[in-house]
Amino acid sequence: MRGSRALSHLQLLSWLCLLLRDTSPVQGAGSAAQATGNPSPLTVQEGINITEDVDCRKVSYLNVSERCAFVQTNPDCQSNDGYLNYLGGIFCLFSPDLLPLVVTLYVFWLFYLFLFLAVTAEKFFCPNLSAISTTLKLSHNVAGVTFLAFGNGAPDIFSAMVAFSNPRTAGLAIGALFGAGVLVTTVVAGSIAIIRPFTAASRPFFRDIIFYMVVIFLTSTLVYMGKITLSWSLGYLGFYVFYVFTVVLSTWIYQRQSVAALNPSLPGPLPALESEDGNSSVTNSYDYADDYKPQFQGEESTARILTQAISPLDCQKWKRKPWYMKLIKIFKMPAEFLLLLTVPLVELDKDDHNWKRPLNCLHLFTSPVLCVMILQSGVYGFYEIQGIFPIWAVMMLVGTFLASVTFFATSNDRPPRFHCIFAFLGFFVSALWINAAATEVVNVLSSLGIIFQLSNTILGLTLLAWGNSIGDVISDLTLARQGYPRMAYSACFGGIIFNILVGVGLGCVVEITRNNMDVKLEPDGLLVWVLAGALGFSLLFSFILVPVQCFQLSKAYGFCLLFFYVTFFTVALLTEFGVIHLRTG
């Protein structure tokens with residue numbers, strides 16, 4: 001029953017992501033300029049008005065005067081998604097002397113996009129998903145390996161979906177998913193063992209690491225095949241459903257065995273049981289919901305509620321922050337303010353469930369308009385009905401009507417019965433924001449790869465993997481410091497399994513459904529196999545060494561994992577720059 005429910009949730013997520021990645025109308029290409037003078041890689045087919053598809057990295061070999069026309073007319077340099085034309089900005093708007101400045105700005109913009117992704121996922125996407133799972137009355141195990149795993153891995157999932165939309169950027173997805181896997185299972189897992197040595201749970205360890213090795217083998221097979229079919233994509237999603245079923249079943253068996261081991265003659269309720277990986281299977285915040293009704297000291301004015309709700313700064317917390325946290329907060333404030341204005345947030349652990357009447361009514365106006373302006377980079381927002389009325393204006397009218405009805409039908413001091421609907425709206429809008437930011441991340445990385453002649457795989461396993469994994473690194477190490485190393489170690493494997501299976505499976509299902517053709521993969525030679533081999537070897541290393549140590553994870557084990565990552569990263573760089581290569585001939 002739970003397995004079928006999890007399957008239905010994955011199907012809903014599939015339709016949601018299909019809507020996010022729905023195809024945009026094809027616009028006619030303009031006439032290509034006829035090049036004269038020096039030879040150029042650009043050629044135009046007479047009568048067809050289509051430029052020959054040439055590798056965009058060849059722009060570095062052209063004269064400065066030819067580069068702008070090359071990136072504007074070469075299909076390989078074009079991106080169907082995103083708001084900014086990064087290659088056009090480099091080669092058309094700025095002079096070649098300003099290239100270091102432009103690259104610096106792009107790197108800062110990339111870091112801010114990672115920060116935006118982290119803020120959106122942590123403060124809006126995950127809380128709304130948690131509220132949805134509680135509203136649907138999912139068990140904690142099912143919610144943990146479905147909705148909450150999706151919330152934690154949202155940046156990775158959406159980045160993979162965007163990267164799989166183009167065969168030339170598919171290496172970004174493979175590099176990021178594999179690179180994050182190596183990073184988390186070596187650096188993070190090793191750091192946990194160094195910070196707080198502990199004894200790992202045997203059965204969850206074998207379960208997760210065996211599943212992960214199977215996933216790596218399947219993904220390596222896809223890379224070797226060079227394409228992903230619909231059956232393979234659905235197989236990935238089905239395999240994740242089987243993993244969810246295995247987690248739920250193993251936890252149920254463990255709890256039954258624990259209950260049988262207790263003395264049944266003891267009076268009183270049974271104590272809260274722990275799952276095999278050390279997580280409590282009972283959450284008190286849900287058990288006493290009826291005892292904590294919203295209590296309000298007095299009715300505040302609507303204007304004051306709105307002012308406080310849209311402010312991203314808490315003066316009391318600001319005074320207690322150290323200077324470096326204040327600096328980070330200053331960078332986060334614009335993103336938080338924008339998200340507060342556009343994304344509804346439902347937090348069931350608060351007395352009022354975060355019901356802010358004026359702000360929630362404002363969300364009913366801003367969210368529909370934002371949706372049509374973000375979906376497919378705003379293409380649908382400027383459609384005109386009968387050539388007269390644009391879609392964005394229709395959404396403004398609909399939003400105004402819904403906001404007015406809600407404002408006069410509710411009060412400031414009590415959340416309405418339909419407040420849970422705002423959790424679904426907040427989930428959808430935050431997913432759109434994450435998708436838009438992930439699209440820009442992929443475009444920036446692709447542009448930097450063209451400038452510096454770097455493969456998509458090396459960019460994926462470094463910048464994209466590091467940026468998307470920083471939240472997992474911080475949360476897992478924090479759990480270890482707080483005395484929960486077993487929980488943090490288990491999260492290293494469970495989250496990565498979700499990211500690969502759902503990232504590849506869901507992303508490719510969406511693309512195949514949209515284009516009615518298989519997803520093509522263009523691996524970057526030897527580097528992909530170095531990456532896959534390193535990930536497989538790191539898992540095999542832990543699979544052998546941890547049982548030999550009787551599941552006692554010591555500091556020596558942690559330092560071995562860190563040394564392994566340094567060695568792998570060195571080999572990857574040497575392979576990227578041609579020092580290590582296959583002998584030809």
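**Figure 1. Packing of helix α8 against helix α21 in the predicted model.** Helix α8 covers residues 170-195 and helix α21 covers residues 555-576; their axes come within 7 Å and cross at roughly 150 degrees. That angle makes α8 roughly antiparallel to α21, because angles over 145 degrees count as roughly antiparallel. The crossing of α8 with α21 is left-handed. On the α8 side, the contact is made by Val182, Leu183, Thr185, Thr186, Val187, Ala189, Gly190, Ser191, Ala193 and Ile194. On the α21 side, it is made by Lys555, Tyr557, Gly558, Phe559, Leu561, Leu562, Phe564, Tyr565 and Phe568. Sorted by class, the residues in this contact of α8 with α21 are 13 nonpolar, five polar and one charged.

**Figure 2. Packing of helix α7 against helix α19.** Helix α7 is formed by residues 154-163 and helix α19 by residues 485-515. The two helices pack at an angle of about 35 degrees, and their axes are 8 Å apart. The crossing of α7 and α19 is right-handed. From α7, Asp156, Ile157, Ala160 and Met161 take part in the contact. They meet Phe498, Asn499, Val502, Gly503, Gly507, Val510 and Glu511 of α19. The contact of α7 with α19 comprises six nonpolar, three polar and two charged residues.

Figure 3. The side chains of Arg357 and Asn412 make a polar contact at 3.3 Å. With neighbours within four places in sequence left aside, Arg357 is in contact with Thr302, Phe407, Phe408, Thr410, Ser411 and Asn412.

**Figure 4. His419 in the loop between α16 and α17.** Not counting residues up to four places away in sequence, His419 touches Val346, Asp352, His353, Asn354, Trp355 and Asn360. His419 and Asn360 are 59 residues apart in sequence, while their C-alpha atoms are 9.3 Å apart in space.

**Figure 5. Ser455 and its polar partners.** Ser455 is located in the loop between α17 (421-452) and α18 (456-481). Ser455 counts as buried because its relative accessibility is 11%. Its side chain makes a polar contact of 2.7 Å with the side chain of Glu576. A polar atom of the Ser455 side chain also lies 3.3 Å from the backbone nitrogen of Ile458.

**Figure 6. Cys550 and Phe551 in the loop between α20 and β6.** Most residues other than glycine have a negative phi. Cys550 has a positive phi, near 60 degrees, and is not a glycine. Phe551, also not a glycine, has a positive phi of about 65 degrees. Cys550 is found in the loop between α20 (526-548) and β6 (552-553), and Phe551 is found in the loop between α20 and β6 as well. Are these two residues buried or exposed? Cys550 counts as exposed, at 56% relative accessibility, whereas Phe551 counts as buried, at 14%.

**Figure 7. Pro204 in helix α9.** Helix α9 is made up of residues 202-225, and Pro204 is one of them. At 6% relative accessibility, Pro204 counts as buried. Pro204 and Ser250 are 46 residues apart along the chain, and 8.5 Å separates their C-alpha atoms.

**Figure 8. The whole chain, for orientation.** The secondary structure of the chain comprises 21 helices and six strands. The chain has 585 residues, and buried residues make up 48% of them. Of the contacts between residues at least 6 apart in sequence, 78% join residues at least 24 apart.

How values were computed. Residues numbered from 1 in each chain as written. Predicted model: local features only at pLDDT ≥ 70, side-chain atom pairs only at ≥ 80, totals over all residues. Heavy atoms only, no water. Axes fitted to C-alpha atoms, helices over the stretch in contact; angles between N-to-C directions. Helix = DSSP H or I, 4+ residues; strand = E, 2+ residues; numbered from the N terminus. Parallel < 35°, antiparallel > 145°, perpendicular 65-115°, else oblique. Left-handed = near helix turned anticlockwise from the far one by under 90°. Contact = heavy atoms within 4.5 Å. Nonpolar A, V, L, I, M, F, W, Y, C, P; charged D, E, K, R; others polar. Polar contact = N/O pair within 3.5 Å; in protein donor to acceptor, adjacent residues only side chain to side chain. Buried < 20%, exposed > 50% of the residue type's maximum accessible area, 1.4 Å probe, protein only.
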